[in-house]
Amino acid sequence: MIQKENRRLRVGVLGCGPIAQFAHLESCVKATNADLYAICDAAPDLLARMGATYEPQKMFGDYDAMLADPDLDAIIVATSDAYHVPMSIKALDAGKHVLCEKPIGVSVAEGEQLADAVKRSGKILQVGHMKRFDPALEAARDFVRDDIGQIFALKAWYCDSTHRYTNTDAVQPLPVTSKLARKPAGNPKADLRQYFMLAHGSHLVDTARFFCGEITAVRARLLERAGVYCWFVETEFANGALGHLDLTVAVRMDWHEGFQLYGENGSVLAKTFNPWYFRSSEVEIFHEKDATSRKPLGADGHFFRRQLEGLADTVLNGAPMRGANVDDGIASIRAMVAIARSVETGDRVEIASVTGSV
């Protein structure tokens, strides 16, 4: 039984497509400190279906009309990637807080434009890197932050699987679709290098930064063979640690995601599952001081609901922001752009120097 708190964030969800249906609409209903106040979609049939299912207080076919509602506190931008920045800026300029799906943009300039809007508005923007709200990964991050001492190295991998849709189709409901859905111009999957990096590489880069801090430089190689895209990325961190990132789409095996992190006072091993299982990572934290390993259960694996609750806690109570902010979003873009430039040139690329798009 959901126990709602007295003070709750009134949330509007922009976009009623698959990501909203699989993640965000339910999160608003289940969150202890937030409510699904409104939904908005350009497709009237899809809007009606989701309205009947989730029963928000208000429904809008026009985004500007939703933003004009004075009782609305925050927006979840659950649209195609191309709309993330413009729709987030509109919300911020209207005085609303924002939870924007990742990636926040495809270019450094877009990210900086969004950062300017955040600063101008004085509102909170959180990027939808929901893996930061995996409770087992949070426990590992706490150990790395508080006890591990100097970090030596991180080896992290994110390998999509040829069987991922067979797996997810078995556990997810069929998404409700509409022929009237608004889609961006062009095919986002026309450039698979860019599409895979934005969709999957953004998670890998943010996980590396979540545990090891700022990435300062990369040297990357890309192999394209038999329809597979495999990036190996040598990574340098500001704290002196070394990293190796493996992004492969798609491996001929089950979903394969996780990392190994080695430090002065211990190590962390992690296995992360397909996110649509809503299952926390399996994490083993080794403490050198007493030669013991600890495995947090992380029973609550609804990362999407937990990230919304984190945003609401920050907005309503002034709690420190636990999620990724706009600067984290820009850092992810910069790292992905640097990887793309390094693949093109074969050179080591410093993050601070990059411009352009992924």
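What follows walks through the strands, cores, ring contacts and salt bridges of this predicted model. Residues are numbered from 1 along each chain as its sequence is written, and side-chain values use heavy atoms, with hydrogens and water left out. Since the model is predicted, local features need pLDDT of at least 70 and side-chain atom pairs count only at pLDDT 80 or more, while totals for chains, interfaces and linings use all residues.

Strand 4 is a handy place to start. Helices and strands here are DSSP runs numbered from the N terminus (H or I of at least four residues for helices, E of at least two for strands). Two strands pair if DSSP finds at least two bridges between them. Strand 4 runs parallel to strand 1, with 4 bridges joining the two, and in that pairing Val11 sits opposite Ala74 of strand 4. Strand 5 (residues 97–100) is also parallel to strand 4, again over 4 bridges; here Ile75 has Val98 as its bridge partner. In a regular strand the side chains alternate between the two faces of the sheet. Strand 4 is covered on both faces, with Ala74 and Ile76 buried on one side and Ile75 and Val77 buried on the other. Buried means under 20% relative accessible area, exposed over 50%, and partly exposed in between (1.4 Å probe, protein chains only).

Elsewhere, strand 8 (residues 215–225) pairs with strand 9 (residues 228–237) in the antiparallel sense over 10 bridges. Arg219 faces Glu234 of strand 9. The hairpin formed by strand 8 and strand 9 has 2 residues between the strands, and Ala226 takes a positive phi near 55° there. Strand 8 also pairs antiparallel with strand 15 (residues 349–350), over 2 bridges, with Glu350 in strand 15 as the bridge partner of Ala217.

Next come the cores. A nonpolar core is a set of buried Ala, Val, Leu, Ile, Met, Phe, Trp, Tyr and Cys residues joined through side-chain atoms within 4.5 Å. In soluble globular proteins, nonpolar side chains tend to be buried together. The largest core has 77 residues, and the members touching the most others are Tyr63, Met66, Ile75, Phe211, Phe259 and Leu261. Helix 8 gives the most to this core, at 9 residues. Leu261, setting aside neighbours within four places in sequence, is in contact with residues including Val144, Ile148, Leu154, Phe211 and Val268; contact means heavy atoms within 4.5 Å. A second, separate core of 25 residues has Cys28, Ala78, Leu99 and Leu316 among its members.

Helix 8 (residues 192–212) is also where His203 is found. His203 counts as buried because its relative accessibility is 7%. Beyond its neighbours within four places in sequence, His203 contacts Lys102, His129, Met130, Lys131 and Tyr158.

On to the rings, where the structure holds 10 aromatic pairs. Rings of Phe, Tyr and Trp (its six-membered ring) pair if their centres lie within 6.5 Å; planes under 30 degrees apart count as stacked, over 60 as edge-to-face and the rest as tilted. Tyr158 and Trp255 make an edge-to-face pair, at 5.3 Å centre to centre and 65° between the planes. Tyr158 is in strand 7 (residues 151–161) and Trp255 in the loop between strand 10 (242–251) and strand 11 (256–263), so this pair ties together parts 97 residues apart in sequence. Both Tyr158 and Trp255 are buried. Ring pairs also link Phe22, Trp276, Phe278 and Phe304 into a cluster. As for charges over rings (NZ of Lys or CZ of Arg within 6 Å of the ring centre and within 35 degrees of the ring normal), the charged end of Arg279 sits over Phe273, 3.9 Å from the ring centre, and that of Arg164 sits over Tyr165 at 4.6 Å.

Finally, the whole structure has 29 salt bridges, each a side-chain nitrogen of Lys or Arg within 4 Å of a carboxyl oxygen of Asp or Glu. Arg8 and Asp35 form one of them, at 2.7 Å from N to O. Arg8 lies in the segment before strand 1 (9–14) and Asp35 in strand 2 (residues 34–40), so the pair connects parts 27 residues apart in sequence. Arg8 is partly exposed at 29%, while Asp35 counts as buried at 19%. Another bridge joins Asp69 and Lys58 at 2.8 Å, N to O.
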